[in-house]
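Me: Let's walk through this model one residue at a time. I'll ask, you answer.

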Amino acid sequence: QLHYSVPEDREPGFSVGDLAKDLGVEVRSLAARNLRLVSEGGQRHFQVDLAAGVLLLDSRLDREALCGQSPTCSLHLQLVMENPLQLHRVEVDVLDVNDNAPQFPKPEVVLEITEVANPGTRLPLEVAEDADMGSNSISTYELSPSKHFALSINVRGDGVKMPEIVLEKALDREKVPVHHLTLTALDGGNPVKSGTAKVTIHVLDANDNPPVCDPPISKVHLEENVPVGTLVTKLNVTDLDEGPNGDVEYSFKTSNNAPGKFTKLFSLDARTGEIRTKAPLDYEESSAYEIAVRARDKGSPAMEGHCHLRVELIDINDNSPEIVLTSVSSPVQEDATPGTVIALIGVKDSDSGDNGQVRLQIAKELPFKLVSSFKEHFSLVTNGPLDREKASGYNITVRAVDSGSPQRATQKTFYLRIADVNDNAPNFSSPFDTAHIQENSLPGTSVFSVSASDPDEGNNAKLSYTILDNGMQDIPISTYFRIDQDNGTIYTVRALDYEQDKVFQVPVEVKDAGSPALSSTAVVHVFVLDENDNAPSIVYPSVPKGSAFHQAIPALAEPGYLVTKIVAVDADSGHNAWLSYQLQETAEALPFQVERRSGEIRLAQALRESEDSHRLVVEVRDNGTPSLSASVVIVISPEENSVQDFSKSLDLPQSSPKDTNLTLYLIISLVSISLVSCAMFALVA
């Protein structure tokens, strides 16, 4: 808080204080920090010279117009600077200058005094008014020289000096019926200023006892906002005379500086002297009232006394606190450090004492706290970490409660938005996924769509997908698959061959558009499904295409004789590799049959002696859809000297079970491969 003072008579442009020096900042930084002036009173009396960094008068000040009769006169300003946001309070005291001379309510005062008045009789005079304060206000009074009268000065409860004319020597109306005096009021300024009033005193006859107020100066305490008509006091006035000379009437005494100010708030019963309220009283408007009452009898000539009553109001808690949001920084980054200033808050209460003591509160569960900057000004700062993903904003309710009884409170709510920072990496719904695709699918076929989410917003949540080449395949994975970077759909780049690659591991990376960018990865296992695209291949007997295999058997072979065995393989797998053997139908019945699963050709019935060779066409067919096949032609010739030994006809050792049970081994291999595939699928799932 900065404090300056300036005399009230200075011209506009007068330098009040060096802001840059007192704030400890460089002059050239003031414009960049957008230094601006805010007047708390709503009136603009000052301006800031940003080039020089000084506070200047914007208009000529009149202390009396600004603060009236207040003993102190201060103007309060607020300086707001940004980057960082700061609030400074400036208090400027307006110093009084002796620019007003004392002035009496009336230029001429007429008084009356009975000739029988005793020495010591006092004649109250009107108090002079001086708009200046302190030493420049009324200092003393002087009375022109007189043989009969002297001047006495009393001090009222509020410090006001009250002049009275005191009779020092008995009067003789027959000698001097009228006395002319001059009353001078002097202030304490330098140079001294003065004002005068002519005092004319008429010496009267008869009624020689004036009304007397007991006590002449009294004080009453009264709560503000009492009901209209409340009795304030009843004046105690006595007059020793009898009859009309002792019958007193009451009336208010007013001055021309404030005519009727208290008469609008109080009523006086002219007969009883009761003073009552006739309008609501407000402590915040005025904490005390000075009431002057004239008590005048009905004698001839009439005599009067004077009563002075000071009514001091007792403040009650009738004003709620007021909250002023000077500045709010919204939005605030979610990574703001604890202690970051969010808002500058001012509070004021028109009540006084405990009724005007205000404390601010916010909800304890909020990640903010209030820090007192200086009197009646607070800063709202962060008190913990912020997370936009948990709370994108806060409705902050500031509650102001005074210390009165009963307490009065007010609250103000404002919304604070939390700005996003890229503090969350994208996250796949699953780190591992499984996809299946038929082999020989056309390039561009959709394989699988990966999905990721990012709790951030804006560019921090804008995702793009890429496929990583991790070196797990012999050929870069990008030659097999591509991915749509926007939606994460994986497509084939070329046709896949199950017989070459049965499974692919496709690593996918998702990256957001934040700065710096964050990413995560997932692996998609792509299993290639077999298609029946390979025909069976006959391994034995191996004959050139278009030729026949010749096999001799004994002419006397018995039914069941093993002629030969067809051995075939299929590059496909599963049902597509299950082979069956059959003889093509001929016009005549053949004495041979072939085992459907093993491919063994056996003699079905004994040969006749006259039979020549037989031509058999053996077809091997797989179990795929559509089914593929291969065939071989076998010519079987019966011979007399042929030995019934199948091992010789096969050109393989008969003792080897590997050849005789080849079909069984193939079936076992196929079953094993199927079981391993099922186990892999279960493991991936």
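Me: Start with D402. Which side chain of opposite charge is nearest?

Reply: R408, at 5.4 Å. D402 is buried but has no salt bridge. Buried is under 20% relative accessible area, exposed is over 50% and partly exposed is in between, with a 1.4 Å probe and protein chains only. A salt bridge needs a side-chain nitrogen of Lys or Arg within 4 Å of a carboxyl oxygen of Asp or Glu. For charge, Lys and Arg count as positive, Asp and Glu as negative, and His and the chain ends are not counted.

Me: What sort of model is this, and how are residues numbered?

Reply: It is a predicted model, in which local features need pLDDT of at least 70 and side-chain atom pairs count only at pLDDT 80 or more, while totals for chains, interfaces and linings use all residues. Residues are numbered from 1 along each chain as its sequence is written, and side-chain values use heavy atoms, with hydrogens and water left out.

Me: Back to D402. Where does D402 lie?

Reply: In strand β30, residues 393–402. Strands (E, at least two residues) and helices (H or I, at least four) are DSSP runs numbered from the N terminus.

Me: Which side chain does D402 make a polar contact with?

Reply: That of N317, at 2.9 Å. A polar contact is a pair of N or O atoms within 3.5 Å; within protein, one must be able to donate a hydrogen and the other to accept it, and residues adjacent in sequence count only if both atoms are side-chain atoms. A polar atom of the D402 side chain is also 3.3 Å from the backbone nitrogen of G404.

Me: And what else does D402 touch, leaving out residues up to four places away in sequence?

Reply: Contact here means heavy atoms within 4.5 Å. The list for D402 includes N319, D349, R359 and R408.

Me: Next, D420. Buried or exposed?

Reply: D420 counts as buried because its relative accessibility is 13%. D420 sits in the loop between β31 (409–419) and β32 (427–428).

Me: What does the D420 side chain reach?

Reply: The backbone nitrogen of E457, at 3.1 Å, and the side chain of N460, in a polar contact of 2.9 Å. Beyond four places in sequence, D420 also touches residues including Q333, E334 and R388.

Me: Switching to salt bridges. How many are there?

Reply: The structure holds 18. One of them pairs K219 with E312, at 3.7 Å from N to O. K219 is in β16 (217–223) and E312 in β23 (304–314), 93 residues apart, and the pair links distant parts of the chain.

Me: Which residues make up the salt-bridge network that includes K219?

Reply: R156, K219, E290, R310 and E312. E312 counts as buried, at 17% relative accessibility.

Me: What about E304? Which residues does E304 bridge to?

Reply: R294, with the closest N and O atoms 3.3 Å apart. E304 is in β23 and R294 in β22 (288–297), so this pair ties together parts that are 10 residues apart in sequence. The other partner is R296, at 2.8 Å from N to O.

Me: On to P536. Where is P536?

Reply: In the loop between β40 (519–529) and β41 (537–540). P536 counts as buried, at 7% relative accessibility. P536 and L628 are 92 residues apart in sequence, yet their C-alpha atoms are 7.0 Å apart. Leaving out neighbours within four places, the contacts of P536 include V569, L579, V620 and L628.

Me: Last topic, the sheets. What is the strand order in the one with β43?

Reply: β43-β47-β46, an open sheet of three strands with antiparallel pairing. Two strands pair if DSSP finds at least two bridges between them. β43 (562–565) and β46 (592–594) each have a single partner strand, so one side of each is left without a neighbour in the sheet. Three bridges join β43 to β47 (600–603), and T564 has I601 as its bridge partner.

Me: And which strands are in the sheet with β2?

Reply: β2, β5 and β4, in the order β2-β5-β4, open and antiparallel. The edge strands are β2 (15–18) and β4 (46–49), each pairing on one side only. Three bridges join β2 to β5 (54–57), and S15 is partnered with L56.
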